[in-house]
Amino acid sequence: EEMLEVLLDKFPYRVLRLIDANGKLAMEYLVTNWTPENKILLEMALQSWMLSRLTSWGATLWMEVIQSKVQAILAEDDKERKSTLCNEAYSVFVQYENVEATSILEMALWKGK
């Protein structure tokens, strides 16, 4: 748990977004090997990766959507459904990132005029 805290503190975005040689994200392994300890680790990871980024953007509505998805993941007992929920949360978050990146690019272009 301490090692994850250090990684999340130093490299939250990069560590959790990496896909391994099997095509899986780190959080998928936590879901596949579900234990009470992994539940804590997954919650920490999602909080650091998704929710803290959305908070820093000031995206309250998006944060509420992702928070709801995180709670559904943590409450789900079925591993297959839990995996599906993780993938859905990841997909929604990537959409939000793309919208935010586009907004930042638009602001930069307007400032350049």
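This is a predicted model: local features need pLDDT of at least 70, side-chain atom pairs count only at pLDDT 80 or more; totals for chains, interfaces and linings use all residues.
Me: How do I describe two packed helices?
Reply: You use the angle between their axes and the distance between the axes. Axes are lines fitted to C-alpha atoms, for helices over the stretch in contact, and angles run from 0 to 180 degrees between N-to-C directions.

Me: Which hand does the crossing of α5 and α6 have?
Reply: A crossing is left-handed if the near helix is turned anticlockwise from the far one by less than a right angle, and right-handed if clockwise. The α5 and α6 crossing is left-handed.

Me: Which residues in α5 and α6 meet?
Reply: Contact means heavy atoms within 4.5 Å. On the α5 side, the residues include Trp 62, Val 65, Ile 66 and Ile 73, and on the α6 side they include Leu 85, Cys 86, Phe 93 and Glu 100. By class, this contact has 13 nonpolar, no polar and 3 charged residues. For the classes, Ala, Val, Leu, Ile, Met, Phe, Trp, Tyr, Cys and Pro count as nonpolar, Asp, Glu, Lys and Arg as charged, and the others, Gly among them, as polar.

Me: How do α4 and α6 cross?
Reply: The axes of helix α4 (residues 36-57) and α6 come within 11 Å, crossing at roughly 25°. That makes α4 roughly parallel to α6. This crossing is left-handed. Among the residues making the contact are Leu 42, Trp 49 and Arg 53 of α4, with Ala 89, Tyr 90 and Glu 97 of α6. The class tally is 10 nonpolar, no polar and 3 charged residues.

Me: And what about α4 and α5?
Reply: Those axes come within 10 Å and cross at roughly 175°, which means α4 is roughly antiparallel to α5. Lys 39, Leu 46 and Met 50 are among the α4 residues in the contact, and Met 63, Gln 67 and Val 70 are among those of α5. This contact has 12 nonpolar, 4 polar and 2 charged residues.

Me: Is Glu 100 buried or exposed?
Reply: Buried means under 20% relative accessible area, exposed over 50%, and partly exposed in between (1.4 Å probe, protein chains only). Glu 100 lies in helix α6 and counts as buried because its relative accessibility is 18%. Leaving aside neighbours within four places in sequence, Glu 100 is in contact with Trp 57 and Trp 62. Asn 38, placed in helix α4, is also buried, at 14% relative accessibility. Buried residues make up 30% of the 113 residues in the protein.

Me: Where is Trp 34?
Reply: Trp 34 lies in the loop between α3 and α4. At 23% relative accessibility, Trp 34 counts as partly exposed. The C-alpha atoms of Trp 34 and Asp 77 are separated by 9.2 Å, though these residues are 43 residues apart along the chain.

Me: What is in the largest nonpolar core?
Reply: A nonpolar core is a set of buried Ala, Val, Leu, Ile, Met, Phe, Trp, Tyr and Cys residues joined through side-chain atoms within 4.5 Å. The largest one has 24 residues, and those with the most contacts inside it are Met 27, Leu 42, Leu 46, Met 50 and Ile 66. Two or more residues come from each of α3 (26-32), α4, α5 and α6, with α6 giving the largest share, 8 residues. Not counting residues up to four places away in sequence, Leu 42 touches Met 27, Leu 30, Val 31, Trp 34, Ile 73, Leu 74 and Cys 86.

Technical notes: Residues are numbered from 1 along each chain as its sequence is written. Side-chain values use heavy atoms; hydrogens and water are left out. Helices (H or I, at least four residues) and strands (E, at least two) are DSSP runs, numbered from the N terminus. Angles under 35 degrees count as roughly parallel, over 145 as roughly antiparallel, 65 to 115 as roughly perpendicular and the rest as oblique.
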